[in-house]
Amino acid sequence: MRPEIERRLRLNTDLAARVLTAFIREEVEKAGFQRVILGLSGGIDSALAAYLAARALGPERVQAVMMPYRTSSPASLEDARRVVDDLGLPALTVPITPAVDAYFEQMDALLGEPAPPLRRGNRMARERMATLFDLSAHFGALVLGTSNKTELLLGYGTQFGDMASALNPIGDLYKYQVRQLAAAVGVPPSILNKAPSADLWEDQTDERELGFGYDEADEVLYQLVDLRLSVEEIAARGYDERFVRLLAGRVRRNQYKRKPPIIAKLSGRTVGVDFRYLRDWGL
């Protein structure tokens, strides 16, 4: 990463932690809740969200749920449990294998062919989020999101799966910044130092699936999104134009994942268009 971009992406981690813990505390209270619930995968993003939530609300008000599939890495589950133990969180382990396998046994027979990895991975992500939202009703807790800014921009996530949540404290942090803040708040080294993975199938890693590294992507995305430079302007700085266009294309194509459902406007005040008051303004 070029030094001038690295400097711009360098966080004041103390300030960032204070802002994000205040965000969690205030938004949970505004919504009339006292607790949050999140899926702990053993990865850095969910671990960071857990550490921030524990600071914001106290560990007793942060419900962790681990949801392994039969091909999930045992090491990932161990790392998730390490976070639970380190923070003292209440936790549940809910294997998703029976639900996912039962679904595809039925669908493969109906469609006459086995589901490819993409469909299976999407189903796992949505099964996990469905589990969290079900348990959120049981515990009276808001679902905490764990998608970072890089993933959201690239569309590297499942709509209504891992990209779903009631509030997301880390969605404005690039992966490069997630690593900085995670180290500052005490996320264990075994999580900080391992290759990022959604753990959807054996030996899956994010960067292998994407075809490029997160730092490489963050350097270009920051210039596209935060500096508002064009593809041509970034290429003129010496970056591979094909790579810049690849990332810009992904950001554009995946805009639909970052938006709530679009409502056709017929009335004078349409939900999400004209009727958008903050809850604390009243009616």
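Me: Does Gly-42 count as buried or exposed, and at what relative accessibility?
Reply: This is a predicted model. Buried means under 20% relative accessible area. Gly-42 has 3% relative accessibility and therefore counts as buried. Gly-42 lies in the loop between S1 and H3, where it touches Ser-76, Asp-79, Ala-80, Ile-191 and Lys-194, leaving out residues up to four places away in sequence.

Me: Where is Leu-40 found, and which UniProt feature includes it?
Reply: Leu-40 is in the loop between strand S1 (35-39) and H3. An unreviewed UniProt entry places the feature "binding site" at several residues, among them Leu-40 and Gly-42. At 5% relative accessibility, Leu-40 counts as buried. Its contacts beyond four places in sequence include Ser-46, Ala-47 and Ala-50.

Me: How should I read helix H3, and what span should it have?
Reply: An α-helix has 3.6 residues a turn, so residues three or four places apart point the same way. At 1.5 Å a residue, the 14 residues of H3 (residues 44-57) should span 20 Å, and the end C-alpha atoms are 20 Å apart, which agrees. Of these 14 residues, 13 are buried, so H3 is largely enclosed by the rest of the structure. After H3 comes Gly-58, with a positive phi near 95°.

Me: Which residues line the second largest pocket?
Reply: Rolling a probe the size of a water molecule over the atoms shows where empty space is left. The second largest pocket holds about 160 Å³ of space. Its lining consists of Lys-259, Pro-260, Pro-261, Ile-262, Ile-263, Val-271, Gly-272 and Val-273. By class, six are nonpolar, one is polar and one is charged.

Methods: Residues are numbered from 1 along each chain as its sequence is written. This is a predicted model: local features need pLDDT of at least 70, side-chain atom pairs count only at pLDDT 80 or more; totals for chains, interfaces and linings use all residues. Side-chain values use heavy atoms; hydrogens and water are left out. Helices (H or I, at least four residues) and strands (E, at least two) are DSSP runs, numbered from the N terminus. The expected span of a helix is 1.5 Å times one less than its number of residues. Buried means under 20% relative accessible area, exposed over 50%, partly exposed in between (1.4 Å probe, protein chains only). On a 1 Å grid over the protein atoms alone, a cavity is a set of points where a 1.4 Å probe fits but cannot get out, and a pocket is an open set with protein on both sides within 12 Å along at least five of seven lines; lining residues have an atom within 4 Å of a point. Grid points are joined across faces, edges and corners, and a volume is the space filled by probe spheres set on the points. Ala, Val, Leu, Ile, Met, Phe, Trp, Tyr, Cys and Pro count as nonpolar, Asp, Glu, Lys and Arg as charged, and the others, Gly among them, as polar. UniProt positions are given in the numbering used here, feature names are shortened, and annotations may be inferred rather than shown by experiment. Contact means heavy atoms within 4.5 Å.
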